[in-house]
Every structure is written in structure tokens, then in C-alpha cells.
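Biologist: Hi! Could you walk me through this structure? I'm new to it.

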Amino acid sequence: MSTTIHHRILIIGGGSAGISVAARLRRAGIEDVGLLEPSAKHYYQPLWTLVGGGRAPAEESVRPEAAVVPQGVAWIKDRAVDIDPENHLVTTAGGVRIAYDHLIVSPGIQLDWHRVPGMAEALTTPAVSSNYSYELAPKTWERIRALRSGTAVFSMPAGPIKCAGAPQKIAYLAADHWRRQRVLGDIRIVLVLPTPAMFGVPEFSQELERVAARYGIDVLHGSQVTEIDGDARRLVVTDDSAGTTSSIDFDFLHTVPPQSAPDWLKATPLADPDNPDGYVEIDKYTLQHTRYGTVFALGDAGSTPNSKTGAAIRKQAPVLVENLLAVMDEREPEARYDGYSSCPLTTARDKMLLAEFDYSMRPTPSFPGIDTTRERRDMWYLKRYGLPFMYWNLMLRGHA
């Protein structure tokens, strides 16, 4: 026998997007907000690159979910498995049916390890790791520290992923470590990128080309890792433009899985029918669903064509809340999200390139008078200390 409860506003997902919106709604005086989130832990995922690079402890990236849920928000510790937008109902894994007046969808995206043959199995072998997992990020640093010679491969999948700069960041952190250990000359570094350039914004791409050249990194553009044999320490790279394949024997592999909307979300009417990855079909400016006016979405599971980063969520959250309040008041949503995102790209163990841009794919710097198209030491301190502080103390509390 299923139980039915009701919330005026229901938020699916208690990650950075869901918590930020919940906090802003409470600050706006909105009562009866429900938050559907199964995890007992909340992670600041951007720190995992630094964990894998030996520049931060993993424990610093995690806190209890209970510590970040805003006061006055009803936390439903369960997982969504279906949405019926016609009848304003969400069904949970525990069999609870939650009725809502307005719905915010922000469950994040899933890591599709299985889409690359051998990838999931390879992660259990000694030479393969990924910073896209809290449990595996410390292993990345162990393997980087242990490697003194051989071949190290860093790969990036095609399609939208969380923090598209992360596959490159760890390559540069590793290369700088090996340089300081005076073994860089004994290590071949291969960076496998599906894109034709290092980055989608030319100014940042040119700087990253210089960084890769400095470390002697062999960059394979327009290519993907399409098969991994972790036991044999061998992988297959497919050149998408030429349609050819080649194999590489490696001594260390940092791999990143393809990603998509959660499988259960893909099967709902909210998913974009023209997108096989199943993202929630929303207006890229208002964040309102294109077919269901009481539904909004933000964060990684939304169909907005921005880079999927925490910085994007920070700019989306106030727009969504303003537009949701307008719709609740039977007004037209007028706030606009301009596609802002940023990728804080670590280029060395003490330097960072802060790539900020919007839908125009042009640099949109937040710091006037500072040339952020170059790697900078002061930006490193922002990445290591400033951004985590802002996340835990301001963004999750609805202040930034």
C-alpha cells in the first residue's frame, strides 16, 4: 500500500543545485518545501581533482547531508524513480507518492561506466583510477606518486560531462609532480580528447596548448578511449574523424566515464525526446520546462547547453527561484540565465587558469583588471581555499 504526501514545492536532489535552491526559497519566506534525497553525505566534488593530485585531503570534500539541508525544509530520505507531470506526482523507491504544486528537478547526472567496454572492471585493477569517484580519487594520487617511468594516459569521453576540464586538470597536476620529481622525461603522457581543440573558448584553448607543450604531453584530438583491458594494461583509442583505432599500453590510466541523465529520469515525460542522454527539457534562459509550466530544472540534469559546473548552478539558482516565484504568483518568468559557467583549470601544483564564459562562448571575467586568460598563482588560492569556503558558507546557504 503506497503512501501519498504533499508539498507545495518539491525538490528532487540534495546536491549543490537542490540545496542552493531550497535555501533561497526559505530565505524568500516560502513554506512547505520538500527535498527528496537518498544520500546521507554531501560532497563538494570540485575538490576531488586536488585529492587525486595530492593537493587536498578527501575528507575535506564531504559533510553530512543533514548539515546542509536548510532549516524548515522537509528532507525525504528516499530516491525518485518516476515523475508524472500530468498528475503532479513523484514516486519514490520506497513506494511513497509525493504530490506537488511545483517541482524542481536537480538529481545530477549518472556515471555510465558500462558504456566503455572494460572500464568498470579496469577500475578494480591497480593501474586504473578516476577522480570522478570519492573512493577512487585517493587511489589516483597513490598511482601518480608511485609512477617513475612508463606511459600515463588521461582520457575524456565525448558528450556533456560534469566539469569538462577535470580530465585535463589531473594530467597537468600529475605532470608537474613528475617534473618536480625529475622523472617527467621518463614518462610519456597521453591526453585523449574528443574535441578538436583543448577548450571551446579560443583564448583559454591557446593557453592550455602552451601548458600541454610545456609538459611534453601528447594530445590526441578528436579521439576517445573505446575499450580498456585493465589486467593487460592496454586500451584502444578510436580516432573519430579518421575512423581508425590504435592500442596503447599504459602504466597508469586516469579515465572518465560517459555521463547522462539518470535512467529513471530518461523514461519520464520531462526528458527531451530529441536527446538520447535524457536531460530535462527546459528553456535555456528561464529554466522552466518547455511543456510543463509547474516544472523547473537546473544543474547537470537540465538540457541547458552550458558547461555542467557548480559555477553554472550558482548563477542558475537565483534565476530559477525568481522565475518560480513569478509563476507561483501567476506572472510571466522574466529572469534570464545567460549560460555563465566557469572551469577553474589547475595547470600546475600552484597555478590555475580560471576559464569563465557564457552562451556566447566568450570570456566573461569576474575580476576586472586581472588577465584570467593566463594561468595564475593567485587563482590557485581561489581554487584551493576561496571556492570551497564560498560553497559551504555562502552558496549552500543561498547567499551566493
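**A chat about sheets, helices and a pocket**

Modeller: Happy to. Six bridges join β14 to strand β15 (residues 234–239), and the two run antiparallel. Strands here are DSSP runs of E with at least two residues, helices are runs of H or I with at least four, and both are numbered from the N terminus. Two strands pair if DSSP finds at least two bridges between them.

Biologist: What should I know about the model and its numbering?

Modeller: This is a predicted model, so local features need pLDDT of at least 70 and side-chain atom pairs count only at pLDDT 80 or more, while totals for chains, interfaces and linings use all residues. Residues are numbered from 1 along each chain as its sequence is written, and side-chain values use heavy atoms, with hydrogens and water left out.

Biologist: Back to β15, then. Which residue there is the bridge partner of Q224?

Modeller: That is T238. S223 stands opposite D239, also in β15.

Biologist: And the hairpin of β14 and β15, how many residues lie between the strands?

Modeller: Four, and in this hairpin R233 takes a positive phi near 55 degrees.

Biologist: Which strands make up the open sheet with antiparallel pairing?

Modeller: Three strands, in the order β14-β15-β16. The edges are β14 (223–229) and β16 (244–249), each pairing on one side only. From one strand to the next, the twist averages 25 degrees. Angles run from 0 to 180 degrees between N-to-C directions, and axes are lines fitted to C-alpha atoms, for helices over the stretch in contact.

Biologist: What about the open sheet of five strands, is its pairing parallel or antiparallel?

Modeller: Parallel, with the strand order β10-β17-β11-β12-β13. Here β10 (128–129) and β13 (218–220) are the edge strands. Inside that order, β11 (residues 150–155) and β12 (residues 187–192) are joined by six bridges, and F154 stands opposite L191 in β12.

Biologist: New topic: helices. How do α4 and α5 cross?

Modeller: The axes of α4 (residues 137–146) and α5 (residues 166–180) come within 10 Å and cross at roughly 35 degrees.

Biologist: Which residues make the contact?

Modeller: T140, W141, I144 and R145 of α4, with I170, A174, H177 and W178 of α5. Contact means heavy atoms within 4.5 Å. These residues divide into five nonpolar, two polar and one charged. In this count Ala, Val, Leu, Ile, Met, Phe, Trp, Tyr, Cys and Pro are nonpolar, Asp, Glu, Lys and Arg charged, and the others, Gly among them, polar.

Biologist: Is the crossing of α5 and α6 left-handed or right-handed?

Modeller: Left-handed. The axes of α5 and α6 (residues 202–215) come within 10 Å, crossing at roughly 35 degrees. Residues that meet there include Y172 and D176 in α5 and L208 and Y215 in α6.

Biologist: Last one: which residues lie nearest the centre of the second largest pocket?

Modeller: M156, A164, T195, G200 and S307, out of 27 lining residues. The lining divides into 17 nonpolar, eight polar and two charged. A pocket is an open set of points on a 1 Å grid over the protein atoms alone, where a 1.4 Å probe fits, with protein on both sides within 12 Å along at least five of seven lines; lining residues have an atom within 4 Å of a point.

Note on methods:
A crossing is left-handed if the near helix is turned anticlockwise from the far one by less than a right angle, and right-handed if clockwise.
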